[in-house]
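Thanks for coming. I have one structure to go through today, so please look at the screen.

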Amino acid sequence: MFVRNLKEVELTERFVDWGNGTSHRLLTKDDGMGFTVCHTVVRANSEALLQYRNHLEACYCIKGEGEVEDMDGNVFPIRAGDIYVLDKHDRHYLRGGKDQDLILVSIFNPPLTGTERHDLNNKSGSQY
């Protein structure tokens with residue numbers, strides 16, 4: 001058993017500024033749990049086109065607001081208590097709220113190594 005906290009993670013390479021926010025990678029592949037848990041912040045007024053080709057992701061909102069948009073143009077508002085699930089490696093837009101950050105607990109399967117980085121300058125979307 002072990003306990004890890006956000007402050008500890010901020011002192012390691014598991015703390016990532018991904019361009020439109022931050023990701024505290026609380027559990028990664030090296031922890032041997034078979035999945036990753038991240039505390040993810042999406043900055044207010046930001047937008048990113050993302051796709052996880054090698055991972056499935058579920059995100060549970062614990063604070064703030066934002067939205068996720070699929071490639072068919074369906075926009076889903078996200079607020080505390082909502083979960084969105086990318087069960088088909090879905091390409092999507094992720095946006096922070098107009099006035100506040102979107103704060104998520106993000107779960108990835110299979111787990112991240114913890115060193116993955118987004119490339120928000122890629123016109124077809126950041127992928128890993």
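Predicted model: local features only at pLDDT ≥ 70, side-chain atom pairs only at ≥ 80, totals over all residues.

Residues are numbered from 1 along each chain as its sequence is written, and side-chain values use heavy atoms, with hydrogens and water left out.

Start with strand E3, residues 36-42; strands here are DSSP runs of at least two residues, numbered from the N terminus. In E3, 7 of its 7 residues are buried, where buried means under 20% relative accessible area, exposed over 50%, and partly exposed in between, with a 1.4 Å probe and protein chains only. In a regular strand the side chains alternate between the two faces of the sheet. Here Thr36, Cys38, Thr40 and Val42 point one way from E3, and Val37, His39 and Val41 point the other way.

Which strands pair with E3? Strand E2, residues 21-27, does so in the antiparallel sense over 6 bridges; two strands pair if DSSP finds at least two bridges between them. Ser23 has Thr40 of E3 as its bridge partner. Strand E9, residues 102-109, is also antiparallel to E3, over 7 bridges, and Val37 is bridged to Ile107 in E9.

Now the surface. Ile62 sits in strand E5 and counts as partly exposed because its relative accessibility is 38%. Strand E5 (56-70) and strand E7 (83-86) each supply at least two residues of a nonpolar patch.

That is the end of my part.

Note on methods: Helix = DSSP H or I, 4+ residues; strand = E, 2+ residues; numbered from the N terminus.
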